[in-house]
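Student: Could we go through this structure together? I would like to begin with the overall picture and then turn to particular places.

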Number of protein chains: 2
Amino acid sequence: MNELEVKIPAAEAGSYRICIGNRILDSLWKRIEADFSRSNKFVVTDENLVSEGHLVALLGQRNVPSFVITPAGETSKNIDTAVSIIEAMEKAYLGRDSLVVALGGGTVGDIAGFAASIFKRGVPVVHIPTTTVAQADSSIGGKTGVDSSISKNAFGAFWHPAAVYIDVATLTTLDDRQFRAGLVESVKHALIADNEYFDFLESNIEAVLARKADVLERMADYNCKIKASVVEADPTEKNQRRMLNYGHTVGHAVEAAGGFELLHGEAVAIGIIAAGLIENEMDLSEPGRLDRVRKIFEKIGVPITLPANLAEDNLIDLMKRDKKAVNKWPRFVLIKEIGRVYCRDGQWAVEVEQDVVEKILGKL
Amino acid sequence: MNELEVKIPAAEAGSYRICIGNRILDSLWKRIEADFSRSNKFVVTDENLVSEGHLVALLGQRNVPSFVITPAGETSKNIDTAVSIIEAMEKAYLGRDSLVVALGGGTVGDIAGFAASIFKRGVPVVHIPTTTVAQADSSIGGKTGVDSSISKNAFGAFWHPAAVYIDVATLTTLDDRQFRAGLVESVKHALIADNEYFDFLESNIEAVLARKADVLERMADYNCKIKASVVEADPTEKNQRRMLNYGHTVGHAVEAAGGFELLHGEAVAIGIIAAGLIENEMDLSEPGRLDRVRKIFEKIGVPITLPANLAEDNLIDLMKRDKKAVNKWPRFVLIKEIGRVYCRDGQWAVEVEQDVVEKILGKL
């Protein structure tokens with residue numbers, strides 16, 4: 001089992017450990033009991049994890065109070081679910097010495113992490129992410145939240161985990177489309193931070209898609225190191241952390257314009273291609289780079305062109321309402337090489353003229 | 001206008017300013033605009049503050065989005081109110097560059113501070129406390145929260161304010177019973193931290209009760225300095241901050257056993273007398289000290305004996321369920337002199353045998 005430390009300067013605890021392994025779920029509870037011996041544990045998961053057998057694998061015959069999010073997925077990511085979790089914790093007589101254990105994908109982690117952050121003014125959470133997107137991205141970094149009827153993560157907190165335990169074997173039961181879409185965040189990590197990692201992904205993409213444990217473990221290790229180093233430098237997203245938004249500015253607009261029929265990773269893949277086209281317009285391109293990105297996305301099986309039914313005006317309008325917009329127009333993260341983000345005047349998200357964006361949408 | 005700095009080591013901002021003055025509400029909005037020029041403001045207050053004219057005094061003719069908590073008081077201190085505030089902020093198109101301005105007593109501050117802490121993963125809050133208890137205690141220190149049907153502050157966060165503005169003139173419209181009960185936290189501050197402040201309160205209690213501005217300003221200054229120094233040393237209540245719990249262990253039980261008919265400060269006054277009786281049993285007394293405390297509470301007009309209808313067994317049972325209990329029995333903060341807390345083995349809340357507590361309840 002690999003381990004690495006994440007140092008969060010502003011947090012009380014100061015750092016947390018990420019453990020990566022294969023088939024570790026069966027023995028993980030003992031490890032958690034040892035790492036957090038003085039806490040009363042409470043598990044949050046969803047109905048999919050239960051039916052896939054992961055909750056039983058984690059707990060065995062132990063009698064641990066739990067909350068199963070039903071239905072699984074985004075529709076449950078709301079304040080009522082967070083309130084229900086907290087009320088269940090109160091009914092289990094849990095106090096400030098509790099530990100929330102989040103077993104599941106990004107939605108479970110977001111909801112459980114948020115509930116932990118507000119239960120009696122905050123108790124620690126540990127994440128056991130079980131999807132490609134959660135293992136690469138959402139379980140690390142401390143962003144938690146639930147949606148309102150108006151916007152995503154309207155309620156939320158920065159709440160860094162007390163530990164993250166990654167079992168790549170949990171990916172073997174993951175739905176194929178979810179598995180593939182989640183890989184887009186790994187490609188993003190490589191593009192913004194590590195050209196060797198991009199080479200690794202290109203060389204090993206078939207083994208990744210075949211869900212070979214050793215390759216998935218190495219991938220998790222690359223992802224966690226990259227994400228952790230960015231989060232350490234900027235825990236609450238003041239500037240540098242914005243580089244993680246690569247491909248997300250157009251991606252979020254594509255996701256919303258399509259009525260959320262595309263998965264997040266699928267929309268971000270299109271957004272990364274859009275970023276590549278913008279880079280071409282702004283003399284930030286290198287020969288063959290965008291083709292390499294297109295090719296790996298094609299192998300992964302995620303879209304690289306705009307769906308036919310999306311109106312370009314609507315995308316522009318959605319981008320103007322981006323939550324990170326400044327004067328009603330978003331900034332864009334761009335790269336100048338594979339593994340190096342373009343930084344201008346100390347800013348990791350830069351201005352791009354609206355007509356440039358309109359032009360590249362025509363080519364997308 | 002007096003000002004002092006509070007330094008919070010673990011927080012991002014690092015410190016915040018407390019401003020104390022008389023009749024500053026009319027001109028305060030300009031000051032807030034200057035101090036937070038880049039933020040979009042949102043005011044949270046309650047119907048009492050509106051009817052007393054304080055909201056108009058603060059805003060004048062300015063058109064600032066606001067939320068008025070109705071009804072005022074503890075019954076609105078729940079998650080639904082916090083959700084309604086956040087939805088109102090979303091409908092006003094507010095984003096992460098928002099500032100929540102909480103105008104009111106402890107309940108308004110707790111709810112508004114909590115809403116600010118979870119709105120889009122946290123936006124700053126400034127407090128304009130308008131009651132004796134909020135000015136002395138709850139507006140400083142960063143505790144926020146709302147109640148569930150099962151327990152107080154079941155949902156909450158440590159969320160330190162970006163600034164606190166105290167106008168002692170707002171106390172002149174406060175209900176007499178509320179005004180008097182709120183003074184108990186000031187007496188508590190003197191007892192745990194500053195014997196000169198206790199002398200000051202003894203000498204000036206008539207002027208305090210007559211709500212003389214100059215005396216109220218000096219009182220606010222003493223309170224803020226004491227509370228701030230304790231909070232700075234221990235922002236999230238790991239140990240030293242527990243001294244603020246003086247009188248609260250028995251006080252909370254008395255408050256709950258009486259079905260919350262006593263105000264918090266009234267119950268804490270009884271709890272402080274109980275602490276004094278425990279000190280007598282544990283050789284921590286000084287000649288005449290407890291009489292001085294009883295006398296100042298009599299002048300303030302808060303109870304110093306147990307209400308006749310409270311069963312002692314019930315109080316013991318409630319104390320066993322204290323949220324800070326260790327092995328089902330709470331620790332007690334005790335003083336050894338006026339202005340000096342008794343600290344044993346590095347602990348600011350110490351063990352007291354149950355039979356000692358049972359004995360003193362008989363004398364209370």
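Tutor: What follows is a walk through a predicted model, taken topic by topic.

Student: How many helices and strands does chain A have?

Tutor: Chain A contains 14 helices and eleven strands. Its C-alpha trace spans about 60 × 40 × 40 Å along the principal axes, and 57% of its 364 residues count as buried.

Student: Let us move to chain B. Is strand E5 mostly covered or mostly open?

Tutor: Strand E5 of chain B, residues 98–104, is mostly covered, since seven of its seven residues are buried.

Student: And which residues point which way?

Tutor: Ser98(B), Val100(B), Ala102(B) and Gly104(B) point one way from E5(B), while Leu99(B), Val101(B) and Leu103(B) point the other way; all are buried. In a regular strand, side chains alternate between the two faces of the sheet.

Student: Which strands pair with E5(B)?

Tutor: E5(B) pairs in the parallel sense with strand E3 of chain B, residues 40–46, over five bridges. In that pairing, Val44(B) has Ala102(B) as its bridge partner. Five bridges also join E5(B) to strand E6 of chain B, residues 125–129, and these two run parallel. Here Val101(B) stands opposite Val126(B). Between E5(B) and E6(B) the chain passes through helix H5, residues 106–118, in a right-handed β-α-β crossover.

Student: Where is the cis peptide bond in chain A?

Tutor: The cis peptide bond joins Thr70(A) and Pro71(A), with omega about -5°. Pro71(A) lies in the loop between strand E4 (66–69) and helix H4 (79–91) of chain A. In chain B, the peptide bond from Thr70(B) to Pro71(B) is cis, with omega near -5°.

Student: One last point. What is phi for Tyr93(B), and is the residue buried or exposed?

Tutor: Phi of Tyr93(B) is near 60°, a positive value in a residue other than glycine. Tyr93(B) sits in the loop between H4 and E5 of chain B. Tyr93(B) counts as exposed because its relative accessible area is 76%, and the cut-off for exposed is over 50%.

How values were computed
Residues numbered from 1 in each chain as written. Chains lettered and ligands numbered in written order. Predicted model: local features only at pLDDT ≥ 70, side-chain atom pairs only at ≥ 80, totals over all residues. Heavy atoms only, no water. Buried < 20%, exposed > 50% of the residue type's maximum accessible area, 1.4 Å probe, protein only. Helix = DSSP H or I, 4+ residues; strand = E, 2+ residues; numbered from the N terminus. Pairing = 2+ DSSP bridges. Right-handed = clockwise from strand over helix to strand, strands pointing away.
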